[in-house]
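Take a look at the protein below.

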Amino acid sequence: MSIRAFTADLHIHTVLSPCARRDMLPHCIVLEALEKGLDCIAVTDHNACDNVAVTLSLGERFGLWVIPGIEVETKEEVHLLAYFPTLDHLLAFNHLVEEHLLTFPLDAEVWGEEWVIGEEGNIVARKTSLLTVPVALSLEDVVEEVERRQGVAVLAHVDRKVYSVFSQLGFLPPALPVKALEISPALSPKEAQERFALSGYPLLSFSDAHGLSEIGQRVTLFQMASPQWEELLLALSGEKGRGVALSSDDNCL
């Protein structure tokens, strides 16, 4: 079986995240990804996954691999990306997140609204509690719970001055069972290699898109035989000829 590069943007926010622009509807995201030639995306809203199911359905309809995902903020205010093999695995993890999410009323005028979108592209619900807050779980606890549900944990935008493992903790905890480090679009692939290549973890970089035009502005190439979860795991571990590589062009799409 031949191995080829699959272009992936696995850090995308929908209108469920209050910080996302109102054009970030699942239908628009899928079509934008296809137009830009992406093979794979992940919707990773803050501490919630209500728009993942509809995005998965659209991906299946239009031939785009959508990986179930979420972005969690730990009690240390470290952002962590978590990906799962199926929607059911993600929903089980999200139930834990909901149980430990600190509750603050959503002031939509300050933070923006949080929309849940239906199959027809309509708003089916509006959240009333702010999602961009920490959960009452440590970084180690969150990673452990991701692994318990057969998921993959990736430390988000580790080069950022806020909400990263280095900004919040000052160091990378030894033996933390995450699968990779994500580099933000603010850092070039060359700079990322110079600063983090010796971390011992694979380096990934995605758009962290909050608007349609940002989707695909930063991607990672996954060397795989096919777009399947098992292949993704092999790529992250660098086994059987699989692997990952940062795109050398910041605007490759």
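How many residues does helix H3 have, and how far does it reach from its first C-alpha to its last? Helix H3 spans residues 87-100, which makes 14 residues. Its reach is 20 Å, close to the 20 Å expected at 1.5 Å a residue. Keep in mind that this is a predicted model.

- Leu90, Phe93, Asn94, Leu96 and Val97 are buried in H3.
- Asp88 and Glu99 are exposed, and they sit on the face of H3 turned away from its buried side.

**The cavity**

- The count gives one cavity of 30 Å³ or more.
- The largest cavity has a volume of about 30 Å³.
- Its lining is made of Leu10, Tyr83, Val154, Leu204, Phe222, Leu232 and Leu236.
- Seven of the lining residues are nonpolar, with no polar and no charged ones.

- Asparagine 47 is not a glycine, yet it has a positive phi of about 55°.
- Asparagine 47 belongs to the loop between strand S2 (40-43) and H2.
- Asparagine 47 is buried, at a relative accessible area of 2%.
- Aspartate 208 is not a glycine either, and has a positive phi of about 55°.
- Aspartate 208 lies in the loop between strand S9 (203-205) and strand S10 (220-224).
- Aspartate 208 counts as buried because its relative accessible area is 14%, and buried means under 20%.

Definitions and conventions: Residues are numbered from 1 along each chain as its sequence is written. This is a predicted model: local features need pLDDT of at least 70, side-chain atom pairs count only at pLDDT 80 or more; totals for chains, interfaces and linings use all residues. Side-chain values use heavy atoms; hydrogens and water are left out. Helices (H or I, at least four residues) and strands (E, at least two) are DSSP runs, numbered from the N terminus. The expected span of a helix is 1.5 Å times one less than its number of residues. Buried means under 20% relative accessible area, exposed over 50%, partly exposed in between (1.4 Å probe, protein chains only). On a 1 Å grid over the protein atoms alone, a cavity is a set of points where a 1.4 Å probe fits but cannot get out, and a pocket is an open set with protein on both sides within 12 Å along at least five of seven lines; lining residues have an atom within 4 Å of a point. Grid points are joined across faces, edges and corners, and a volume is the space filled by probe spheres set on the points. Ala, Val, Leu, Ile, Met, Phe, Trp, Tyr, Cys and Pro count as nonpolar, Asp, Glu, Lys and Arg as charged, and the others, Gly among them, as polar.
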